[in-house]
Each structure stands twice: as C-alpha cells, then as structure tokens.
Amino acid sequence: MRREIQIIHHRLEIPHFPDLLIVSIACDACGYRHTDTIIPEEGEPARWTVRVEEPADLSIRVVRSMTGTITIPELGLAVEPGTACEGFVTNIEGVLSRFEGAVESALAHAESEDERAAALRVQERIARAREAAFPFTVVLEDPAGNSALVSEKAEKTRLERTT
C-alpha cells in the first residue's frame with residue numbers, strides 16, 4: 001500500500017517582522033516528522049539583546065531562523081547554525097528548555113565524573129534561570145537578519161554584512 005507524505009504550511013505574521021512560513025512534513029507510514037520555520041526574504045544582519053530580570057521576561061518571543069545564533073553568556077550556552085539546523089518560534093523559557101534537553105543528553109553520555117558534575121552544575125543554573133532567579137542576557141545574532149527577539153525590552157543592533 002502506497003501512502004503519501006503530508007505537507008502542511010502556514011503563513012505567520014508578526015508585527016514589525018518579515019512574514020514567516022511554517023512548514024510541517026509528516027509520514028504516517030514510517031513516522032517521519034519535520035517542522036521548519038522559513039523566512040522567505042533576507043533582512044539586514046542584526047544582533048538582538050534582552051536582559052531577563054523577572055519571570056514575565058521568560059515569555060519574550062524568540063524567532064530564530066536557520067542562520068541565527070543564540071547565546072546566554074552568563075550560562076556559557078550557545079546554539080549555532082549547523083547542517084541540520086531548523087528555525088523555530090518559541091519564547092525565552094522555550095529556549096532554556098531546549099538547552100536543558102541538550103544538557104540532559106550530555107549528562108546521559110558523560111564519560112567521567114568531572115563531565116557529569118559539570119553537566120549537573122549547568123543543569124542547575126538553567127533550572128534557576130527558568131525561574132528568573134538571577135538576571136541574564138539573551139543574545140540572538142543573525143547575519144541574514146531573519147531572527148528577532150520580539151519585545152519592547154529587546155535592543156536591536158545592526159551588524160555589518162559579511163561577504
């Protein structure tokens with residue numbers, strides 16, 4: 001029996017930001033699933049910065065394109081574009097949750113007590129950040145200009161275009 005792959009796409013409009021195209025691909029026969037966020041046009045290279053100081057700041061919307069890099073310097077965490085990179089729309093709490101998942105994976109594959117202890121320390125710091133127990137900074141850089149932190153608190157800095 002032959003089955004077709006289901007492809008669903010949805011255009012999302014966010015004020016003061018280029019339109020987004022959310023694409024979801026699913027195959028019921030084999031279980032394959034893939035979701036991506038695509039920004040059809042290229043903008044100006046930009047760095048977005050926001051200081052998280054209270055629990056409400058965890059709700060700040062994060063739009064990361066496939067070319068965006070997110071860093072949280074106080075936690076020593078970064079997510080950079082790679083070959084299997086997907087764009088996404090979430091909030092700061094969701095970004096912390098993604099980092100938490102990566103640390104859990106590192107913890108499960110730790111080869112020494114030192115690696116395990118380091119991962120546990122990072123895990124604890126992320127848990128405290130998810131409660132806004134201390135102020136921290138979220139930086140989102142995108143050379144294609146298609147990522148953003150959507151908040152009045154967020155500061156946008158134009159970056160020089162690299163060739």
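Where is the place of arginine 116? I looked it up, and arginine 116 sits in helix H2. I am working from a predicted model.

**Entry: arginine 116**

Arginine 116 comes out partly exposed, because its relative accessible area is 37%, which falls between the 20% limit for buried and the 50% limit for exposed. I then listed its contacts, leaving out residues up to four places away in sequence. Arginine 116 touches Leu107 and Ala110. I also took one distance, to valine 103.

**Entry: the whole chain**

I stepped back to the overall layout. The protein chain has two helices and eleven strands. Along the sequence I read the pattern β-β-β-β-β-β-β-β-α-α-β-β-β. The C-alpha atoms fill a box of roughly 50 × 45 × 35 Å along the principal axes. The chain has 163 residues, and 35% of them are buried.

**Entry: helix H1**

I tested the length of helix H1, residues 92–108. Its 17 residues should span 24 Å at 1.5 Å a residue, and the end C-alpha atoms are 24 Å apart, so the two agree. At the start of H1, I found a side-chain oxygen of asparagine 91 within 3.2 Å of the backbone nitrogen of glutamate 93.

Which residues of H1 are buried? I noted Ile92, Gly94, Val95, Leu96, Phe99, Glu100, Val103 and Leu107. I kept the helix repeat in mind here. An α-helix has 3.6 residues a turn, so residues three or four places apart point the same way. Val95, Phe99, Val103 and Leu107 are among the buried ones. Leu107 had already turned up as a contact of arginine 116.

**Entry: the largest pocket**

I went to the largest pocket. It holds about 200 Å³ of space. Its lining is Arg64, Leu77, Ala78, Val79, Glu86, Phe88, Val95, Arg98, Phe99, Ala102 and Val103.

Which element gives the largest share of the lining? Helix H1 does, with five residues. Strand S7 (77–79) and H1 each supply at least two. I sorted the lining by type and got eight nonpolar, no polar and three charged residues. Val95, Phe99 and Val103 belong to this lining, and they also figure among the buried residues of H1.

**Entry: serine 147**

I found serine 147 in the loop between strand S9 (136–142) and strand S10 (148–150). Is serine 147 buried or exposed? Serine 147 counts as buried, because its relative accessibility is 2% and the cut-off is under 20%.

I then traced its side chain. It makes a polar contact with the side chain of aspartate 142 at 2.7 Å. The side chain of serine 147 also reaches the backbone nitrogen of serine 65 at 2.8 Å.

**Entry: alanine 132**

I looked at the loop between helix H2 (113–129) and S9, where alanine 132 is found. Its phi is near 55°, a positive value in a residue other than glycine. I set that against the general rule. Most residues other than glycine have a negative phi. Alanine 132 is buried, because its relative accessible area is 13%.

**Entry: isoleucine 5**

Last, I checked the start of the chain. Isoleucine 5 lies in the segment before strand S1 (6–12). Leaving aside neighbours within four places in sequence, isoleucine 5 is in contact with Ile25, Ala26 and Cys27. I also took its distance to phenylalanine 136. Their C-alpha atoms are separated by 42 Å, with the residues 131 apart along the chain.

Conventions:
Residues are numbered from 1 along each chain as its sequence is written. This is a predicted model: local features need pLDDT of at least 70, side-chain atom pairs count only at pLDDT 80 or more; totals for chains, interfaces and linings use all residues. Side-chain values use heavy atoms; hydrogens and water are left out. Helices (H or I, at least four residues) and strands (E, at least two) are DSSP runs, numbered from the N terminus. The expected span of a helix is 1.5 Å times one less than its number of residues. Buried means under 20% relative accessible area, exposed over 50%, partly exposed in between (1.4 Å probe, protein chains only). A polar contact is a pair of N or O atoms within 3.5 Å; within protein, one must be able to donate a hydrogen and the other to accept it, and residues adjacent in sequence count only if both atoms are side-chain atoms. On a 1 Å grid over the protein atoms alone, a cavity is a set of points where a 1.4 Å probe fits but cannot get out, and a pocket is an open set with protein on both sides within 12 Å along at least five of seven lines; lining residues have an atom within 4 Å of a point. Grid points are joined across faces, edges and corners, and a volume is the space filled by probe spheres set on the points. Ala, Val, Leu, Ile, Met, Phe, Trp, Tyr, Cys and Pro count as nonpolar, Asp, Glu, Lys and Arg as charged, and the others, Gly among them, as polar. Contact means heavy atoms within 4.5 Å.
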